[in-house]
Amino acid sequence: MHDDRRITEQRLDRFVRERILPAIYGRAIPLQLSSWDAPGEPVPAAEALRQVYAPKEPGVAWGKAWSTKWLRLQGEVPQDWGMAESTTVEIIVDLGFNSDVPGFQCEGTAWRADGSIIKAISPRNYHVPLKLLGGGQSVDFYVEAAANPDVAQGWSFAPTLLGDKATSGDEPRYRFGRIAIAELNETVWELNQDIWTLSGLMHELPMEMPRRHEILRALERMMDVMDPDDVAGTAAAGRAELAEVLSRPAYASAHELLATGHAHIDSAWLWPVRETIRKCARTFSNVVALMDEDPDFVFSCSSAQQMAWMKEFFPELFVRIREKVKGGQFVPVGGMWVESDTNMPGGEAMARQFVEGKSFFLNEFDVECQEAWLPDSFGYSGAIPQIVKEAGSRWFLTQKISWNKVNRMPHHTFAWEGIDGTRLFTHFPPVDTYNAELHGRELAHAERNYRDHGRGTMSLVPFGYGDGGGGPTREMVAAAHRTADLEGSPKVRMGAARDFFIRAEAEYTNLPVWVGEMYLEMHRGTYTSQAKTKLGNRRSEHLLREAELWCATAAVRLGGAYAYPADELKRLWRLVLLQQFHDILPGSSIAWVHQDAERNYEAIARDLEGIISHAAHALVGEGDQQFLLNAAPHQRNGVPALGAAEATAPHSGVQVDELDDAYVLDNGIIRAVLNRDGLLTSLVDHASGRDAIAPGHTGNLLELFRDTPNEWDAWDIEEFYRRNVTPLTHADAIDVERSAEAVVVEVKRTVGASTITQRLTLDAGAASLGISTTVDWQEREKMLKIAFPLDVRADRSASETQFGHVFRPTHTNTSWEAAKFEICAHRWIHVAEPGYGVAVSNSSSYGHDVTRAVRADGGTTTTVRTSLLRSARFPDPEADRGEHTLELSIRPGAAIADAVEEGYRTNLKPRFVTGGQSVEPLVSVSNPAIVVEAVKLAEDGSGDVIVRLYESLGERSTGTLRANFESSDAMATDLLERTTETPGVTVEEGPVVKLVLRPFQLVTIRLVR
């Protein structure tokens, strides 16, 4: 037989393009078009529908970036349309989009005249069935058209001004296409789905398999029997030729795919939050309409925040969603407030993502999510398994690790072991996308790529357009039905994620184990981009800690004289949690998003400062004594942890000696030597007598690196950045300020168009040197780091993460270690050899790197660098330009316990209040290794006190928790404050809670009032 395969495949492509697709819609007549332009930001539908609409010609240009145009579409359906067998009437609305990037360009929402939402209008889903308009022959409805610009621009990563409404321009970006009443030929549409499924499968089958050629010949026969001049009249005959190859059952051993509808809607990214709200409404209205058509279709929705938006802004749609939840088709998953970043949120914030998310789903839908759902976050902290389990969940799903540039994850279904030993059943879908269309290429890849064959037989596929929203389409649902049991294809079954996890957990019992963090070998720049957003997050987390502590203390100490502001604290927590979304906190969004975030953080700080001030003054009462409010979990200046008292002054002050070539600062605890350029040449703690700075090196060394990643500018740092570095060794000016409490050395530098002012402070009684760096940053495609070359032979570094720390090797023996050339740490990073270590803490930085070198003298220099600023050009071309203040401290002779304390000291600045009485701490813990992370009142309004604590040193720690108020009982709970049996927690008379905690164990205690 001659091989005419290529000829037949080319024939098929053209036949579909030129014959099938144009015949899906037969007769069509244009609609009358009139419009009204929203004058600024979007308005509610009720307001828009009251406006006067002016006639509009078809095909006109419309839509400056980020504007909204409301359309009124009117017409009459001819009497005989939709009457023939297998035909129906639809409205097609082309707003001027192309089909390449759904979710990244103009979109629309169809509305009825009564103000109820119909469905979305988007590039690959631009039809509105006539029956959704209420039937009848008259067409009269509205479309809210959003002129969202294509910021991605083909993923060229070129700088663009489109991400800021102030710079995006006034020119129209789109031109209306066909807007018409059209007659859908359902047989032709079904034929097109047959062809799409079979052709996709055919191209994935090996050439030597008979099945591939049988499909090709069936497709060939289909084209032969059809009349290209009468596609509608011969489509049924064409389908008949494909019926046999579509009916052949799958192999008995075929991989099983559970397909769950999904729309990974970024809560902000290349669009602002206000647009995300509308994207959610468009997507969810599509989903509900699909559910009405197909009872087998199931949709997984992961973000409580997005549901809260629907309840607030689209209540009619929310009611319909609630009904679908009851019916089991619309399924809440994940249980988080948003799909947050997991590298940078603090421990309590990560816990609150689950507290707020799961509580919302329980209260609104009576559904408890059992799976944590984070397909697109940029790496996964090793603390997550414990947090997920403490929230009462069982499973975890991620997808983003498929983006690793160097190393491939060895498993797709496995037990993920966290830093405390908690193991979590985890699935990493081998389809390698959370935006699947259920194309043959994707299904085949999922089966081939699955790394656990022989042990597991199934995996999960989230399908539907995401990122910019849209969700599943009727074409995808049709593909799922056709591949349910199809020879050569995996078996596809639609269902909920829970269905997959229950079955997979039952069949795959001897799971392989992955220990520690799941580090993403991409997007390392997100630890540093948009420094003001990161500062706002860190500041907000600590202000919330203070606010809850002092408000709870006031509520207990003052009784009815002080009302705990539970609703306001919840509102502020939820606003902070929103900013932790995985494209906001990481700094990878357009300028508009970060401008909004900075405004939100300012408002959060203002409101929390007011709350703290009110509670503090209520606690200390009237008087003229000055009290230090110590919200830290460690004693400070004689003031107990979590209490308020008069601070004690240090026993000695600070001396400074000015030498010809150096300044020597000494407070009796540490001694720091700075040269005349403000570089740290020596740092000695008197207890050990060791110099932390490596011989021949200088600390406090600012370094400017070239920062030109291959792609994903705001996201990525490439390893080759290290090859182009400019050390900033020259000071323009240096000055010394002296007082009894502190000595400050101020150093000024210039680099490029930027100016840098550093203030190096040694306080009386301090065990660390403080370094405040203020930068007027005007660089582009540069990165600024601060380096500390330390005389320490450290084979690993310790970085704070949620409720503990993670160790990472400092060497690069393997490709896994070499890939971690930029790492994330929270408030501190620590390097040590046995008996001696150094801690570097920070107030708002997350990116770090640690390198090592052996000197000629045989000693080892371990260099710790903290990344201060970047200046990416996409998606925000002005990212980070402006003034920043970044604070660090370096503490020589530090153990891990010292690093933990230093982290809180750097982030919880002294807070003084004037009044008449000190404040006893609500609770006290006997062992400083057991750190109290949060003190608050219970979510249920009972007035009980909730204490969240954790073992901080990575060792077995014992101690007692005592309530310093009248308490009748104590019990361990989960994060949602439900009573649980918790190992290591014993309640005795008093009540006194005895704690025997494993390394990094997280515990929540309810103290009953």
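This is a predicted model: local features need pLDDT of at least 70, side-chain atom pairs count only at pLDDT 80 or more; totals for chains, interfaces and linings use all residues.
## Rings, charges and sulfurs

Lys279 lies over the face of Trp271, 4.3 Å from the ring centre. A charge sits over a ring if NZ of Lys or CZ of Arg is within 6 Å of the ring centre and within 35 degrees of the ring normal.

Residues are numbered from 1 along each chain as its sequence is written, and side-chain values use heavy atoms, with hydrogens and water left out.

Now the rings. A pair of aromatic rings is described by the distance of the centres and the angle of the planes. Rings of Phe, Tyr and Trp (its six-membered ring) pair if their centres lie within 6.5 Å; planes under 30 degrees apart count as stacked, over 60 as edge-to-face and the rest as tilted. The structure holds 37 such pairs. Take Phe299 and Phe330: their centres are 5.3 Å apart and their planes at 55°, so this pair is tilted. Phe299 lies in strand β14 (residues 299-303) and Phe330 in strand β15 (residues 330-336), so the pair ties together parts that are 31 residues apart in sequence. Strands (E, at least two residues) and helices (H or I, at least four) are DSSP runs, numbered from the N terminus. Phe299 counts as buried, at 1% relative accessibility. Phe330 is buried too, with a relative accessible area of 1%. Buried means under 20% relative accessible area, exposed over 50%, and partly exposed in between (1.4 Å probe, protein chains only).

Tyr380 and Phe396 pair edge-to-face, 5.6 Å centre to centre and with 80° between the planes. Tyr380 is buried, at 0%. Phe396 is also buried, at 0%. Other rings gather in a group: Trp271 belongs to one aromatic cluster whose members include Phe104, Trp155 and Trp403.

Next come the charges. Side chains of opposite charge can pair when their charged atoms come close. In a salt bridge, a side-chain nitrogen of Lys or Arg is within 4 Å of a carboxyl oxygen of Asp or Glu. A search of the whole structure finds 88 of them. Glu437 and Arg124 meet in one, at 3.7 Å from N to O. Glu437 lies in the loop between β19 (423-427) and α11 (440-449), and Arg124 in the loop between β8 (117-121) and β9 (127-129), so this bridge ties together parts that are 313 residues apart in sequence. Arg217 and Glu220 form another salt bridge, with their closest N and O atoms 3.2 Å apart. Both lie in helix α4 (residues 210-225), three residues apart, about one turn of the helix. Glu220 counts as buried at 19%, while Arg217 counts as partly exposed at 24%.

What about the sulfurs? A disulfide is a covalent bond between the sulfur atoms of two cysteines. The cut-off is a pair of cysteine sulfur atoms within 2.5 Å. A search of the whole structure finds zero disulfides. Cys280 is in no disulfide; its nearest cysteine sulfur, that of Cys301, is 7.4 Å away. For Cys301, the closest cysteine sulfur is in Cys280, too far for a bond. Cys280 is buried, at 0%, and Cys301 is buried, at 3%.
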